[in-house]
Amino acid sequence: SHLVLMAGEEINEDYPVEIHEYLSTFENSIGAVDEMLKTMMSVSRNELLQKLDPLEQAKVDLVSAYTLNSMFWVYLATQGVNPKEHPVKQELERIRVYMNRVKEITDKKKAGKLDKGAAARFVKNALWEPKPKNALKVANKGKSKN
C-alpha cells in the first residue's frame with residue numbers, strides 16, 4: 001500500500017509522511033555528492049596533483065579524506081550505529097587538526113604578501129613628500145639672486 005503525494009510521487013507507508021521531505025533532500029544531496037565524486041575520479045590523482053603546489057596537494061588530500069570519513073559517518077548512522085561512539089569520530093577530528101594547520105600556513109602566506117605591500121607603501125610615503133608650490137617658488141627666488 002502506498003500513499004500518493006500531490007507531486008505525483010508514491011511513498012511507502014513504512015515511514016511517517018512528515019520525514020519524506022528530509023529523505024528527499026538527503027537523496028538529492030547523495031546524488032550531488034555522487035556527481036562530484038565521479039568528476040573527481042575522472043582525473044587520475046597523479047595528474048591532478050602534478051598541477052598543484054605542495055600546499056594545494058595537502059588541501060586536496062585532506063578534503064578527500066574528510067569527505068570519505070564523513071560519508072562513512074552517514075553510512076554508520078543509516079545502519080543504526082552511533083558514529084559518535086565509533087573510531088571515525090577521532091579520525092574526523094584528526095583530519096580537522098591538519099586542515100586547521102594548512103589554513104594557518106595559508107593565512108601566514110597571505111599575511112606575508114600583504115605585509116610586504118604595506119611596508120613598501122610606508123617606505124615610499126616616508127621617503128617622498130611633495131613640497132608645497134609656494135616653497136618651490138621661494139627656493140627658486142633664492143637661487144636667482146646668487
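These legends describe close-up views of a predicted model. Local features need pLDDT of at least 70, and side-chain atom pairs count only at pLDDT 80 or more, while totals for chains, interfaces and linings use all residues. Residues are numbered from 1 along each chain as its sequence is written, and side-chain values use heavy atoms, with hydrogens and water left out.

**View 1. Helix 3 from end to end.** Helix 3 covers residues 54-78. Helices here are DSSP runs (H or I, at least four residues), numbered from the N terminus. Helix 3 has 25 residues. Its first and last C-alpha lie 36 Å apart, close to the 36 Å expected at 1.5 Å a residue; the expected span is 1.5 Å times one less than the number of residues. Its buried residues are Leu 55, Leu 62, Ser 64, Asn 69 and Leu 76. Buried means under 20% relative accessible area, exposed over 50%, and partly exposed in between (1.4 Å probe, protein chains only).

View 2. Asp 53 caps the N-terminal end. One of its side-chain oxygens lies 3.0 Å from the backbone nitrogen of Leu 55. Just after helix 3, Gly 80 takes a positive phi of about 85°.

View 3. A search of the whole structure finds one aromatic pair. Phe 72 and Tyr 75 form this pair, which is stacked, at 6.1 Å centre to centre with 25° between the planes. Rings of Phe, Tyr and Trp (its six-membered ring) pair if their centres lie within 6.5 Å; planes under 30 degrees apart count as stacked, over 60 as edge-to-face and the rest as tilted. Phe 72 and Tyr 75 are three residues apart in helix 3, so about one helical turn separates them. Phe 72 is partly exposed at 35% relative accessibility. Tyr 75 is also partly exposed, at 45%.

**View 4. Asp 61 and Met 99.** Asp 61 sits in helix 3. Its relative accessible area is 31%, so Asp 61 counts as partly exposed. Asp 61 and Met 99 are 38 residues apart in sequence. Their C-alpha atoms are 10.0 Å apart in space.

**View 5. The lining of the largest pocket.** The largest pocket is lined by 15 residues. Leu 37, Met 40, Met 41, Val 60 and Ser 64 lie nearest its centre. On a 1 Å grid over the protein atoms alone, a pocket is an open set of points where a 1.4 Å probe fits, with protein on both sides within 12 Å along at least five of seven lines; lining residues have an atom within 4 Å of a point. Helix 3 gives the most to the lining, with six residues.

Notes:
Helices (H or I, at least four residues) and strands (E, at least two) are DSSP runs, numbered from the N terminus. A polar contact is a pair of N or O atoms within 3.5 Å; within protein, one must be able to donate a hydrogen and the other to accept it, and residues adjacent in sequence count only if both atoms are side-chain atoms.
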